[in-house]
Each structure stands twice: as structure tokens, then as C-alpha cells.
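The entries below follow the order in which I went through it.

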Amino acid sequence: MEDTELKHKVEAVLFTLGKFLTLEDLGKFCEVGSMGMIREALEELRKNNSNRNSDLEIEENDGRFKLNIKKEFVYLT
């Protein structure tokens with residue numbers, strides 16, 4: 001699986017489920033056994049969101065990950 005394809009899958013899973021997920025959870029949903037590949041995809045997504053000044057961010061809490069809107073836009077929800 002190409003890195004770009006995996007990044008898209010990870011982002012889609014995080015967006016669709018809208019809750020905190022472990023690397024293992026993401027691996028199961030994306031059908032990838034390598035937690036290193038999942039972590040790399042998450043880091044690349046974080047970097048991409050930062051570089052393009054996105055309104056979205058990947059939050060990490062106790063080894064779990066979730067796609068959120070940035071805190072300055074919480075008032076919209």
C-alpha cells in the first residue's frame with residue numbers, strides 16, 4: 001500500500017468515527033498490521049495539516065488519536 005493511500009485511509013477512519021482510536025484500532029480499520037506505518041501516516045497527516053494551515057488537527061490523548069477542528073473553531077459546534 002502506498003503511503004498516500006494509507007494516509008487517506010487513516011484520515012477517513014478518524015473523520016468517520018469521530019472518536020479516539022489506538023494505533024491498533026486504526027490498523028484494523030485500515031487493514032495494516034504495522035503500527036509503525038500507521039504512526040508514520042499520522043505524523044504525515046499532522047505535518048500536512050500544519051503546512052496548509054488547516055482548520056483540522058489530529059489530537060493525541062494517552063496513545064489514542066482523534067481528528068478534531070482546531071480549538072479556535074470550537075464555538076462553531
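Before turning to the sheet I noted the criterion for pairing: two strands pair if DSSP finds at least two bridges between them. Helices (H or I, at least four residues) and strands (E, at least two) are DSSP runs, numbered from the N terminus. The model is predicted, with local features needing pLDDT of at least 70 and side-chain atom pairs counting only at pLDDT 80 or more, while totals for chains, interfaces and linings use all residues. Residues are numbered from 1 along each chain as its sequence is written, and side-chain values use heavy atoms, with hydrogens and water left out.

Entry on the sheet. I found three strands in an open sheet, ordered β1-β3-β2, with antiparallel pairing. The edge strands, each pairing on one side only, are β1 (21–22) and β2 (56–61). Between β1 and β3 (residues 64–69) I found two bridges, and R64 in β3 is the bridge partner of T22. Six bridges join β2 to β3, where L56 stands opposite I69 of β3. The hairpin of β2 and β3 has two residues between the strands, and there D62 takes a positive phi near 55°.

Entry on α1 and α2. For the angles I kept in mind that axes are lines fitted to C-alpha atoms, for helices over the stretch in contact, and that angles run from 0 to 180 degrees between N-to-C directions. Helix α1 (residues 3–17) packs with helix α2 (residues 23–30) at an angle of about 110°, the axes being 10 Å apart. The two are therefore roughly perpendicular, a term that covers 65 to 115 degrees, against under 35 for roughly parallel, over 145 for roughly antiparallel and oblique for the rest. Contact (heavy atoms within 4.5 Å) is made by L6, K9, V10, V13, L14 and L17 of α1 with L26, F29 and C30 of α2.

Entry on α1 and α3. Here I read an angle of about 80° between α1 and helix α3 (residues 35–51), with the axes 9 Å apart, which makes α1 roughly perpendicular to α3. Among the residues that meet are L6, V10 and L14 in α1 and I38, A41 and L45 in α3.

Which strands does α1 touch? I found that α1 packs on the sheet and touches β1, β2 and β3, its direction making about 75° with that of β3. I also noted that α3 lies across β2 and β3, running at about 135° to β2.
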